[in-house]
Amino acid sequence: MKPELGVCYYPEHWPEAMWADDAASMVETGLAWVRIGEFGWSRMEPQPGDLQFEWLDSAIETLGTAGLKVVLGTPTTTPPRWMLDKHPDMLAVDAQGNPRKFGSRRHYCFSHKGYIDECVRIAQIMGKRYGRNPHVAAWQIDNEYGCHDTTISYSPSALLAFRYWLMDQYGTIGDLNEAWGNVFWSMEYNDFDQIELPNLTVTEPNPAHVLAFRRFSSDQVVAFNKAQVDVLRTHIDAPLLHNYMGRVLDFDHFEVGADLDIATWDSYPIGFLSDRLEASEEHKTAFLQQGDPDMQAFHHDLYRAVGRGRCWVMELQPGPVNWAPYNPAPLPGMVRLWSLEAVAHGAEVVSYFRWRQAPFAQEQMHAGLLTPDNRAAPALPEVRQTAEDLANLGEVHQTTAQVAILFDYASDWAWTTQPQGAGFDYFRLIFSAYQALRRAGLSVDFITANDAAKRQYKLVLGPGIATLDRDVERHLKDRSDLTVLGPRSGAITRDFQIPKQGRPGLNCLDCNVDMVETLPPDVERAVEGGGAGKHWIDRLSGTAQDLLSFADKTPALKGADGFWYLAGFPDTDLWDRIVAMAAQDTGIPLHPMPAGLRRRETTDYEFLINYNAEPVDWNGHTIKGCDVAILKRNPPGQS
Amino acid sequence: MKPELGVCYYPEHWPEAMWADDAASMVETGLAWVRIGEFGWSRMEPQPGDLQFEWLDSAIETLGTAGLKVVLGTPTTTPPRWMLDKHPDMLAVDAQGNPRKFGSRRHYCFSHKGYIDECVRIAQIMGKRYGRNPHVAAWQIDNEYGCHDTTISYSPSALLAFRYWLMDQYGTIGDLNEAWGNVFWSMEYNDFDQIELPNLTVTEPNPAHVLAFRRFSSDQVVAFNKAQVDVLRTHIDAPLLHNYMGRVLDFDHFEVGADLDIATWDSYPIGFLSDRLEASEEHKTAFLQQGDPDMQAFHHDLYRAVGRGRCWVMELQPGPVNWAPYNPAPLPGMVRLWSLEAVAHGAEVVSYFRWRQAPFAQEQMHAGLLTPDNRAAPALPEVRQTAEDLANLGEVHQTTAQVAILFDYASDWAWTTQPQGAGFDYFRLIFSAYQALRRAGLSVDFITANDAAKRQYKLVLGPGIATLDRDVERHLKDRSDLTVLGPRSGAITRDFQIPKQGRPGLNCLDCNVDMVETLPPDVERAVEGGGAGKHWIDRLSGTAQDLLSFADKTPALKGADGFWYLAGFPDTDLWDRIVAMAAQDTGIPLHPMPAGLRRRETTDYEFLINYNAEPVDWNGHTIKGCDVAILKRNPPGQS
Amino acid sequence: MKPELGVCYYPEHWPEAMWADDAASMVETGLAWVRIGEFGWSRMEPQPGDLQFEWLDSAIETLGTAGLKVVLGTPTTTPPRWMLDKHPDMLAVDAQGNPRKFGSRRHYCFSHKGYIDECVRIAQIMGKRYGRNPHVAAWQIDNEYGCHDTTISYSPSALLAFRYWLMDQYGTIGDLNEAWGNVFWSMEYNDFDQIELPNLTVTEPNPAHVLAFRRFSSDQVVAFNKAQVDVLRTHIDAPLLHNYMGRVLDFDHFEVGADLDIATWDSYPIGFLSDRLEASEEHKTAFLQQGDPDMQAFHHDLYRAVGRGRCWVMELQPGPVNWAPYNPAPLPGMVRLWSLEAVAHGAEVVSYFRWRQAPFAQEQMHAGLLTPDNRAAPALPEVRQTAEDLANLGEVHQTTAQVAILFDYASDWAWTTQPQGAGFDYFRLIFSAYQALRRAGLSVDFITANDAAKRQYKLVLGPGIATLDRDVERHLKDRSDLTVLGPRSGAITRDFQIPKQGRPGLNCLDCNVDMVETLPPDVERAVEGGGAGKHWIDRLSGTAQDLLSFADKTPALKGADGFWYLAGFPDTDLWDRIVAMAAQDTGIPLHPMPAGLRRRETTDYEFLINYNAEPVDWNGHTIKGCDVAILKRNPPGQS
């Protein structure tokens, strides 16, 4: 696979007279792909039934003729205003009970049948018209599911659908009461029609109720997407994709991805550091204009799994954005660095957002490759350079890593529902594990519980995985040399009960959670020999060996052959110790990395990616600040 | 009175086959009491009118036969879901106007007549069935009034009841306008039906309006409770009680308590420190696993007054809870310490919450004496030890203290309504006074303004008491050697006006408040000789002697024979000076205590309670960390 | 103009028997003016149509006969409760969709036609009755427009009016779509009736939509005021005025002021410092009892422009207020200082709020000149002293300053709508420029873009002015020696689009914004030679000379003859450098001031105003703490 570059473009924003020049400039810059259409419904159908596709025909023809491959988007993320006249109740409803009004985007409830029919209708029209168009080489469905907290809706449509979903899950109301433990606080229902959505309760609702609603809400996204997939497949051979966002965990991306061909995502490294990553002020200042050194790689690796090996970056930040609390510019070199890093992690296409900065509306302060008055923005020459670099690089092939992280969206829903301690967060826990592996210079894969039956790794980390059934335990034992679980792994059933067999309830490891403590952020429990547990402490008993102990001699890590259980949320030092112990146990060679330098292996290359502004020396190489060194690897097996 | 132990138990959560073993284990552990039933309505009456008490009959029989005394709860804190089908408008409404929905607990408005009738009905049914049951030795009505901010409701039922309440209080709308000063900002009403609840106003509503609503809201709790009291009294001779919460001041506990026989409360020392106590980070860290050294004693002393001498702990924390921001475990010894401390302060029964940790629903992470899979949790051996200690201790009798704090719930409502400065809070002020007395090693009683006519103390502290009428002043003068008032004492009338006679408006002390200042938390006013005023400064004039002065020579404490008035909210040093001066003035011997060590005298014993993790030496004794030393007192009068 | 003193008085709050004594005491204190009536509607008209003006006749007669000039207020800020029975939908609606209820003040929506008619009715009645009354020497309309965030309302009345306003502004829906860029995200409308108010959207609404709503909301205030102006003018010759608040920018005060004769404002120096000014804790502590040294002067200078040269202080803080987070007392001398400072900046009248502290309702803790029980409060002797000082001072005449700040309310609406970086705020930017000029000892005028055509200054500062049209640029070039623009000047069109000619898009300066960065508060960009840019950085290109550069050699200040453009939000040091450079360029003499000392020139006097508690030496004079030195100026031109 030779990686290529692309860009997002909105012909409807510019006079048709500019399109041909834009297309020629894109090609001249080294771009091969262009995405269009995903916000264009009001121009495709200005009034109900009044279809106006001539402009889109022309845009595709102009772009395609210039040599560009088109990704065509279905415009269902932005229904036009007239849609609300047809379906006044199609809006999502927030937790306070207010409809989330028209005037921006994503103004629909995933459970509204009428709107889903409209989406199928427009997808059908587009599939028929462009399904065999030679310039349309891929299709994007909708845009950024879940963005702006839109997965969850407390609308009447959602309530109705939730009741049917519950009937389907539980069969009888008695079974539901039993599964949820509704005898507690006399919460028992006599009928499914008495069940409401779990908002605005006096104090916290039953976590089983909330988790069911979270599962349902995710399922609604899957079903919404699949409705368009089904109709498009009848007209289209080109791959179908969706562009996911960063650190959105409200729906199960694996399940949406199972219906699609490629997983793409929208990578805004500087925006994400400012907006959605916990880190010290020092860290945020050090990487203010570069982004966090692990955040992008994390999502590349995660979405490569979601795409079953096929992934793109659909939108890459080319300059300051408009939506984070603070919006500084990337340091020179960073746009190229992010692009090459994406390629190192398997991106087939890296596409920038957007071609030319729009002079109007919400994103007018979001930089593009060109300024609003059509001059080159700082990123343009970097993109041209990147295109040349990729041409020199040739094909890039992914290998299977030696280490995998077990990832589960439902665990985030569970622990968000009942964190038990304010510092406990599934993403933070998983991300801290990922960072530890990356500090050790390891390439990482993500796997689901289902993958455990099919994939083989030397080491699997599964911290915080909410539910662990016996099959998954057996597969992990069969396929992996070592699985490290805990803290809070196997802690609940699918219905949010403590398992009858106890926590974590493993067959192969005699280790029980007797008590759980959560701690304020400034309190930690030191581990003998170095490092500490934070936030969450499982008090363990059982006959499994104590591999590490807290200062009070209670176990910090217990283990038997092939399974370890970790008692606390590790700080940096403890993670490093655990990774080192696990590597030694499984024979994985480590490559400790300096701060801000990261490493990724492909079949033929070793990428050394320097997020620091200053140069770094490592292993005989000097990597310049904001730069990537790409080394030819030794023949496989010798690294 | 020989203190006893108990536990809270939910037979409806467990198979009936387990009950007899549970009962035997309770007895074996040394427990004498068991509370059941208070959340069980959906099992007592699964459908409207479908009464199912056989399980409860059996549970009482099993527990009672094993030798346990049962506290039986009316289940009105958790109406079943079908109740809402009968009374759709029974829910409380929050300040934003949203109904507070079904799905947790306490989902009712205290003013809803239909629901009150349902509560009377179920109480009547239970009273008839179990009123003479020999195993039922006490009755609890409802559960934790006011918990989850449920005292105040902005529902239509509350609005209607409030208008009738106002008619009853004021007679004519003209009198109400006059009392509230509604001429200000043209807020005058022509009719009671124009009055609305004081939420969602453009800017702050008239404090007289808010205070009236707070008084009304408290009265509704009293009436709600009394409706069940009245019906139960016709069937029952056993004592009636309610379990209050910690730092809940939204209703007048003295008034609820007047209709009951015993005041009990739910003591969660570690949860309260994390969740509802202002303290420095250092303090919170030092006592993270012990709780604040004064918080429990404060509530024991307060609720002993509410119970007119009779008090219990109905729920005591036996391990990590689930509801505070952070939930660490008690240090070894603390469960026993809290138990013995409760006894020292007069608790007749100390009951733990709960017997076995529930594996489902909201509180599944709340530790019990047993784990969900029926193993002993860490607290169990401590409880057994405590039972032995109590057996050795024998009877414990309370004495009247030399010092009392004048406590008034309505003062909290007043100062919450109009704090005037962000740092001013009635509980904090009272608690700081209590802490000062405890640092001096004194045992403390709480009294109401009504008690002033009946009880005799060497010293009474009445900081922040909003309204002081002439009778109370006279009683204090007659009965107490010294009363210390201020800051903000006697500052308003019952209708939230500045008194015509000025503030504090005393007959016996020529001391006037000319001006009031409130200060940011980092600004204080030094007092000559040590200590400082914070938050609130009354600028005083008058002929009474200046006992202390601020650095600018304005009075910090003025006094005459038997009455002192304090100008500012004292810091720790100033409180210590005032207590020392008052003790000298009244001849009370002080016993200065080291940090974390507290002292409580009963008729026969001196309890020394060490909240520190480390041992403390005091007065020739070494008290181990997290331990209690119980010394035989010298004959009365010689300590 | 000989400056005079006044006071706010509420005869309806006190027995009529007290009025004559009050009036005599006012005169004795040295007060010449008394404001009454603005909250009195419920006494003027207790029931609909039941007019009761005898008490007001009597009050005016009593006060006037005593020698006081009366400012009579229309009471439309506090419609009585019965008004809501007539117009149930007259309330404003908050952004969450809740009506803002009766029970305090300002409970009306500016767009409600029925209520506007009621206001015209009562104004007409009062105008007829008192229009020629010899004692009524000025009229105030309503009270503190915009206070309590009341400019913006999301009511049905506002929605309807907004649609008509948009039709009027844009003519066709196509033109509106084009002007707003609604093609973005398919936000195009088919009809004006589809447009809703820009609240509760899924993510941020189109900034063009919001800015239009903000312009509309301001216009509604102007229209509301003008309705009363029009009817009063038919009966009255006395000047009409309104009392504005501090740091309220939600409506265009220049446009309201254009219909009135005098601009007055309500000055609460200590309340404002606590409640609505960003400053370091050190600064807030240093000036806790004095107020910020520039905040009052800023508003005097701004409202002098709003009043086209005529301004008053209608309400001046005489002691602790009740509404700020903390409410300390003014240091001795400050009430006099604030009064004399106001006079130095052009106030014709300084009026205190209020005569006697009210013992009831919301403001019972707001100090007056007298205590509630009718004793002298600390401010009274200071006011008497001030009256003597003014008598000695004689006439005070304002001069035109050499320096002006270009001020534009709509720029605040624009940048509030889309700040782009959390630290960017129009008021803060303008205030920082004002502070820099004041540190240099300069007197300052404020001008609007319209004024640029008429007024001549050596130096005009226009940072952050959102829209700059070609005419304004030409006028500035013609009339001013030097105009300093940037950052974010000329950055958008009136419809919130980036101008087609680029930013700032000037004819006379070749300087373009290529990119914009916003920075966290702890990050700054150093400027070579000293100072730094913060919050907002415009990346500039163009042929204009680089007058200052950032450390990375990008331009920090570019300039040509008569126009400079500044790239970043300056810190204190950078502002000082720019002021020094501009002063040198234009020949303005500077008078660098010590911290807390400020200077103001009038035709005959130089006022030196010391906000510090301690004395300050300056230029051969010692100014005591909290004091004002008033020096006779040398003949004009020699200072």
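Let me start with Ser489(B), which is buried, with a relative accessible area of 1%. Buried here means under 20% relative accessible area, exposed means over 50%, and partly exposed is in between, using a 1.4 Å probe and protein chains only. Ser489(B) sits in the loop between β12 (482-485) and β13 (512-518) of chain B. Helices (H or I, at least four residues) and strands (E, at least two) are DSSP runs, numbered from the N terminus.

What does Ser489(B) touch, not counting residues up to four places away in sequence? The list is Gly462(B), Pro463(B), Gly464(B), Ile465(B), Pro504(B) and Tyr565(B). Contact means heavy atoms within 4.5 Å. A polar atom of the Ser489(B) side chain lies 2.8 Å from the backbone oxygen of Gly462(B).

A word on the model. It is predicted, so to speak of local features we need pLDDT of at least 70, side-chain atom pairs count only at pLDDT 80 or more, and totals for chains, interfaces and linings use all residues. Residues are numbered from 1 along each chain as its sequence is written, chains are lettered from A and ligands numbered from 1 in the order in which they are written, and side-chain values use heavy atoms, with hydrogens and water left out.

Next, the domains of chain A. Chain A is divided into domain 1 (4-163 + 201-279 + 290-393), domain 2 (403-586) and domain 3 (597-632). The bounds come from an automatic or database domain assignment. Between domain 1 and domain 2 of chain A, the C-alpha centres lie 34 Å apart. At their contact, 33 residues of domain 1 of chain A meet 25 residues of domain 2 of chain A.

The size of an interface is often given as the accessible area lost when the parts come together. Buried area is that loss for two parts, found with a 1.4 Å probe and summed over both. For domain 1 and domain 2 of chain A, the figure is about 2,600 Å², and carbon and sulfur atoms give 64% of it. Arg215(A), Leu249(A) and Phe298(A) supply 27% of the area that domain 1 of chain A buries against domain 2 of chain A, more than any other three residues.

How many salt bridges does the rule find across the interface of domain 1 of chain A and domain 2 of chain A? There are 4. A salt bridge is a side-chain nitrogen of Lys or Arg within 4 Å of a carboxyl oxygen of Asp or Glu. Asp445(A) forms a salt bridge with Arg304(A), with the closest N and O atoms 3.0 Å apart. On the side of domain 1 of chain A that touches domain 2 of chain A, at least two residues each come from α8 (207-233), α9 (253-258) and α12 (295-306) of chain A. Of the elements on that side, α12(A) gives the most, with 10 residues.

Now chain A against chain C. The contact takes 55 residues from chain A and 51 residues from chain C. The area buried between these chains is about 4,500 Å², with 53% from carbon and sulfur atoms. Lys101(A), Gln362(A) and Met365(A) supply 17% of what chain A buries against chain C, more than any other three residues. The rule finds 3 salt bridges across this interface. The side chains of Arg81(A) and Glu196(C) meet in a salt bridge at 3.8 Å, N to O.

Last, salt bridges within chain C. Side chains of opposite charge can pair when their charged atoms come close. Over all chains, a search of the whole structure finds 130 salt bridges. Asp294(C) and Arg598(C) form a salt bridge, their closest N and O atoms being 2.7 Å apart. This pair links distant parts of the chain, 304 residues apart: Asp294(C) is in the loop between α11 (281-286) and α12 (295-306) of chain C, and Arg598(C) is in strand β20 (residues 597-601) of chain C. Both Asp294(C) and Arg598(C) are buried.

Asp627(C) forms a salt bridge with Arg336(C), the closest N and O atoms being 2.8 Å apart. Asp627(C) lies in strand β24 (residues 627-632) and Arg336(C) in helix α13 (residues 334-344) of chain C, so the pair ties together parts that are 291 residues apart in sequence. Asp627(C) counts as buried at 14% relative accessibility, and Arg336(C) is buried with a relative accessible area of 17%.

Conventions
A polar contact is a pair of N or O atoms within 3.5 Å; within protein, one must be able to donate a hydrogen and the other to accept it, and residues adjacent in sequence count only if both atoms are side-chain atoms.
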